[in-house]
Amino acid sequence: MTVLVTGSAGFIGANFVLDWLAEQDESVISLDKLTYAGNRENLSTVQNDTRHSFIQGDIADSALLEQLLSHYQPGAIINFAAESHVDRSIHGPEDFIQTNIVGTFRLLEAAKAYWNSLQGEAKTAFRFLHVSTDEVYGTLSKTDPAFTETHPYQPNSPYSASKAASDHLVRAYHHTYGLPVLTTNCSNNYGPYQFPEKLIPLVINNALHGKPLPVYGDGQQVRDWLYVADHCSAIRRVLAAGTPGEVYNIGGWNEMPNIQIVQTICRLLDELRPNTEGPYSRLITYVQDRPGHDRRYAIDARKIERELGWKPAETFETGIRKTVQWYLDNPRWVENVTSGAYREWVGKQYGEVKIMRGA
């Protein structure tokens, strides 16, 4: 079947498109607004693939959505399109409301109208898969059990609140209109093509340029880390066999504090790209914590393993080594995405905060 992938030039969306085309001989229609984090270069290896079509556009553009669905007749919509960075949501929440809430609403409206126009097997087989985050569940203490699919929503940032709202809309369209939806809530992703505002690529890039490696607060914020290729395989599995109306948590079973992530990257860089001035850990710099910083996320991914037979292929050790090596092998990509506005934003975000102590 043909699938429509929104947010296809972003980090996870681009990896999914590449994974989809590598794993099966089925077409992909890519839709992306190409904001700062959307990068056509992420899809450069499939630009001449006849199975792939790219359209620049906004999921909030109802007329465009109607045209695309009518023309391409996809068998599924996979919605990655979202503003997704907590720090940016704190400084400018309106973009998150517009894309994550209004955009999802418009996409659901278009999907509902299209689905209602289908007949027979095409209507029965159609799926709307909404990709969300573990951040909608809020925060955990050190001893709390990991998030399950029935954990109450308690978002603590404008970003997570906007994603929680979109999740509720998706659920409502299933229960009210019967739209065959699937929702996945994933833990922190990492891997190739991730925009370097996020922790792992930021640390790699800063370290290679001899810049401080900023660590919020005491660095003991715990996250569960999921290699992006594993996330893509999980989404394919949910799309193929998930039950409409159900939610599936996708995690990597890799809980660890942020400071440990940074130290691991430093050790890998010491091995793979040693610096004559000394170990990269000398650059670790603790900075003032961000407002409302959730202390711990943890995903219980037993449901997707039990019901759909999926579990991650990568450990954190194998995944982070692949990730660091990819950034070392692709300096041009990094340079292209870290110029101009990105540099200005990093200066605002980390350059003006109070340095608390070195490490």
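**Notebook: a loop arginine and two helix pairs**

I started with Arg 290, which sits in the loop between strand E12 (284–287) and helix H10 (302–308). A reminder to myself: this is a predicted model.

Is Arg 290 buried or exposed? I looked up its relative accessible area and found 17%. Buried means under 20%, so Arg 290 counts as buried. Next I asked which residues it touches. Leaving out residues up to four places away in sequence, I noted Val 86, Asp 87, Ile 90, Tyr 216 and Arg 223.

Helix H2 (residues 62–72) packs with helix H4 (residues 94–117) at an angle of about 35°, and their axes are 9 Å apart. I checked the handedness too: H2 passes H4 in a right-handed crossing. From H2 I listed Ser 62, Leu 65 and Leu 69, which meet Arg 106, Leu 107, Ala 110, Ala 111 and Tyr 114 in H4. Sorted by class, this contact of H2 with H4 has six nonpolar residues, one polar and one charged.

My last stop was the second pair. Helix H7 (residues 199–208) and helix H9 (residues 258–272) pack at an angle of about 40°, with axes 10 Å apart. That angle makes H7 oblique to H9. I found their crossing to be right-handed. On the H7 side, the contact is made by Leu 199, Ile 200, Val 203, Ile 204, Ala 207 and Leu 208. H9 brings Asn 258, Ile 261, Val 262, Ile 265 and Leu 269. How do the residues of this contact of H7 with H9 divide? I wrote down 10 nonpolar, one polar and no charged.

Notes:
Residues numbered from 1 in each chain as written. Predicted model: local features only at pLDDT ≥ 70, side-chain atom pairs only at ≥ 80, totals over all residues. Heavy atoms only, no water. Axes fitted to C-alpha atoms, helices over the stretch in contact; angles between N-to-C directions. Helix = DSSP H or I, 4+ residues; strand = E, 2+ residues; numbered from the N terminus. Left-handed = near helix turned anticlockwise from the far one by under 90°. Contact = heavy atoms within 4.5 Å. Nonpolar A, V, L, I, M, F, W, Y, C, P; charged D, E, K, R; others polar. Parallel < 35°, antiparallel > 145°, perpendicular 65-115°, else oblique. Buried < 20%, exposed > 50% of the residue type's maximum accessible area, 1.4 Å probe, protein only.
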